[in-house]
Amino acid sequence: MSQPPACALSRTAAANIVRARVDRGWVQRQLADAAGISQGTVALAETGRRNLSLPMLERMAAVLGVEAADLLRAAVKDAATGTEG
C-alpha cells in the first residue's frame, strides 16, 4: 500500500528537522534518543512519511534548540540573490 504524498507543511518540517540535525552533526539515533522517540519515527518524519504530533514536534524542536514554529516555517529566498536567508 503506497503512502499519500506529504502535505507542504510536513515536507517543510521534514527538511527543517534534517537541516537542524545535520547542523549539529547528529545522526538520527542521537536526535531520537535525545527526544525520547524511536529512530524509525525520526526517519519517517524526516522523509515526510509520518505526521508528527505537536508534542513530538515540540520535543524535537527543544532538543534541536529551535522553536517548534521554526520547524514549520519555510525558508525565505532572497529575491535579489535567489539564496535562502
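**Exercise 1. Find out which helices the buried residues of α3 pack against.**

*Step 1.* Begin with the terms. Helices are DSSP runs of H or I with at least four residues, strands are runs of E with at least two, and both are numbered from the N terminus. Buried means under 20% relative accessible area, exposed over 50%, and partly exposed lies in between (1.4 Å probe, protein chains only). Contact means heavy atoms within 4.5 Å.

*Step 2.* Know your model. This is a predicted model, where local features need pLDDT of at least 70, side-chain atom pairs count only at pLDDT 80 or more, and totals for chains, interfaces and linings use all residues. Residues are numbered from 1 along each chain as its sequence is written, and side-chain values use heavy atoms, with hydrogens and water left out.

*Step 3.* List the buried residues of α3: Thr41, Val42, Ala43, Ala45 and Glu46.

*Step 4.* Look at what they pack against: α1, α2 and α4.

**Exercise 2. Check the span of helix α1 against its number of residues.**

*Step 1.* Helix α1 covers residues 8-23, which is 16 residues.

*Step 2.* The expected span is 1.5 Å times one less than the number of residues. For α1 this gives 22 Å.

*Step 3.* The end C-alpha atoms of α1 are 22 Å apart, so the two values agree. After α1 comes glycine 25, whose phi is positive, near 75°.

**Exercise 3. Describe what covers the buried residues of α1.**

*Step 1.* Pick out the buried residues: Ser10, Thr12, Ala13, Ala14, Asn16, Ile17, Ala20 and Arg21.

*Step 2.* Their cover includes α2 (28-35), α3 (39-46), α4 (54-64) and α5 (68-72).

**Exercise 4. Is arginine 21 buried or exposed, and what does its side chain make a polar contact with?**

*Step 1.* Arginine 21 sits in helix α1. Its relative accessibility is 10%, and therefore it counts as buried.

*Step 2.* A polar contact is a pair of N or O atoms within 3.5 Å; within protein, one must be able to donate a hydrogen and the other to accept it, and residues adjacent in sequence count only if both atoms are side-chain atoms. The side chain of arginine 21 has such a contact with the side chain of glutamate 46, at 2.6 Å.

*Step 3.* Leaving out neighbours within four places in sequence, arginine 21 is in contact with Trp26, Val27, Gln28, Leu31, Glu46 and Leu64.

**Exercise 5. Work out which residues asparagine 16 touches beyond four places in sequence.**

*Step 1.* Asparagine 16 is also found in helix α1. It is buried, because its relative accessible area is 10%.

*Step 2.* Not counting residues up to four places away, asparagine 16 touches Asp70, Leu71, Leu72 and Arg73.

*Step 3.* Now find a polar contact: the side chain of asparagine 16 pairs with the side chain of arginine 19 at 2.6 Å.

**Exercise 6. Summarise the whole chain.**

*Step 1.* Count the elements: there are 5 helices and 0 strands. Their order from the N terminus is α-α-α-α-α.

*Step 2.* Of the chain's 85 residues, 31% count as buried.

*Step 3.* Among contacts with a separation of 6 or more, 51% join residues 24 or more positions apart.
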